[in-house]
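Trainee: Could you take me through the aromatic rings of this model, one part at a time? I would like a close look at how they are placed.

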Amino acid sequence: MDVEPVLIFVLAAVAVVAVVRWVADRTGLPAAALLPIIGIAYALLPGPNIPLDPDIVLAFVLPPLLYSAALDSSMIAIRRNLRTVVSLSVVLVLLTAVLIGLGFAWFVTGATLAAGIAVGAAVAPPDPVAALAVGRKVGLPPRIITLIQGEGLLNDATALTILSVAVAAATGDGFSAPAAFGQFLLAAVGGVAVGVLVAFAVRLLSRPLSGDPMLANAVSLAIPFGAYLLGEVIHVSGVLAVVVAGLIVGHHTPRSASGAGRLQTNAVWRLVDFLLEGFVFLLIGQQLPEVIRGLAGYEAVTVVAAVAITVGVTLLLRPLWLVLTLLVPGALHTRWSRGAADERASVRWTGREVVVLSWAGTRGVISLAAIFTLPLVTETGARFPARDLLLFCTVVVVLVTLVGQGLTFAPMVRALGLRADDNDQALLRNEARAASVKAALTALDELEEQEHDDISGQVIETMREQLRARLRRYRDRLSLLRDNDSAGPPISPQYEAALHVRRVAIDAQREECLRWRDAGRLSDEGLRVLERELDLEERLLPDRPARR
């Protein structure tokens, strides 16, 4: 095998992903929307192309992306919004698949109900990558971020299970509603059980491995593939197993992992996300020309009807469902309660939030990977009904939502003025910081009362003074935040000046260490040790541009 063309292609793809990321950071446009456009342009040029292999996507790409997203999610927040998350990730996915299936059966020549449900299941689950990237950048409120994350984690398992049932019916196994429901229930419960089992095994390994960040990272990279493989081997939802394992591991990592391990693991998973997501979105655009060539045997009316049904149901059903499940119950509750104060009134959804959630339903690689798993023929040897048409409809939905909604999501959020209250978030964080310092001071008091022949009182007092100075800074910051009436956190000139001084001091130390290394007085190994100490100190500073 000639590896040079493959290597050139991979390097070119990495370069494109890096350039698009650079452009996205400076223009505010989401990379997830720009990369498919570049993929389409590349596919139209002469030269090698990479077809989408659904087995590779489902086994090697989807598990790490889902696991990383689960690690970054909040199990507590998802559990608090579980009813809404389940409504979007299970009920809405099922409704989307069924309505598109009925539309194909009634209005698309040559399509069957099972084939329509198959394409409906493929396009039903949103891929939240583009929406989350934009949402975090423009400062969406945390509960909207939580819903987008939770829906994106759980809907894939629902869609893939519905797809398998629809394919079985379309290829000749027949369809039975009780059997389909039983299959779905078994896949879901089994997937959750496998995820819990894998997470429990990881917790047993975490403490022995916590002292070696490299081993901990190796285990972390293997977890999603192990959970997915175990789920698929016993014929339950491997996707759900990965998600559940990621949520549990991410929830317990603050207690079980070392600080060095967490820093390294976060860096590794950020790199994995960056590369995999970039390749995936490039791959999406490259499929369009090949799929279009498969439409030669279909009449234009049939193609238009199929695309209209698929895109129409996908775009219209989501806002309708959100209005019925979020806005209407809240409005009825407010009317019936007649202004009575209760905790549910404080979490009622607004029209602006529903609009943002509606526009966050971008589709992605899971839709393409799912539809490409359709068999070429049925058990009788006949061609799978309207397979090429189903592929085209799925690609159109992915491109319409990913490019259309992805490019307009940030301007729409800004136009609606829907932002998290940065001042409240900063206030909460500083209250937690102050509470943690008070807990440390209490621990020092308890240590001082105990027998500690190997610890001098001066050491404890030195640490106590450092903590008290930190607590005074937090209290001053809290006073500013509590008195602040603006939308964002206040800027303290004294605080900004202190940050500038600390950065200048760290830069001077780093330059001096480099001069020692260049003069031969310090080895490169010694330099790396000192650099790590300074890097960790710098990492504690707020992520703001330095003064010039």
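Mentor: Happy to. Let's start with W269, which counts as buried at 5% relative accessibility; buried means under 20% relative accessible area, exposed over 50%, and partly exposed in between, with a 1.4 Å probe and protein chains only. Before going further, a word on the source: this is a predicted model, in which local features need pLDDT of at least 70, side-chain atom pairs count only at pLDDT 80 or more, and totals for chains, interfaces and linings use all residues. Residues are numbered from 1 along each chain as its sequence is written, and side-chain values use heavy atoms, with hydrogens and water left out.

Now to the rings. A pair of aromatic rings is described by the distance of the centres and the angle of the planes. Two aromatic pairs are present in the structure; rings of Phe, Tyr and Trp (its six-membered ring) pair if their centres lie within 6.5 Å, and planes under 30 degrees apart count as stacked, over 60 as edge-to-face and the rest as tilted. W269 forms a tilted pair with Y67, at 5.5 Å centre to centre and with 55 degrees between the planes. Because Y67 belongs to helix 3 (residues 54–71) and W269 to helix 12 (residues 259–286), this pair ties together parts that are 202 residues apart in sequence. Helices here are DSSP runs (H or I, at least four residues), numbered from the N terminus. Y67 is buried too, its relative accessible area being 1%.

The other pair is W106 with F107: the ring centres are 6.4 Å apart and the planes stand at 90 degrees, so this one is edge-to-face. Both W106 and F107 are exposed.

Some rings also have a charge over them, which here requires NZ of Lys or CZ of Arg within 6 Å of the ring centre and within 35 degrees of the ring normal. R143 lies over the face of W349, 4.0 Å from the ring centre. Over the ring of W516 sits the charged end of R521, at 3.9 Å from the centre.

While you have the model open, look at two backbone spots as well. H235, in the loop between helix 10 (213–233) and helix 11 (238–256), has a positive phi near 65 degrees although not a glycine, and H235 is exposed at 67% relative accessible area. A386, in the loop between helix 16 (365–371) and helix 17, has a positive phi near 55 degrees, again in a residue other than glycine, but A386 is buried at 9%.
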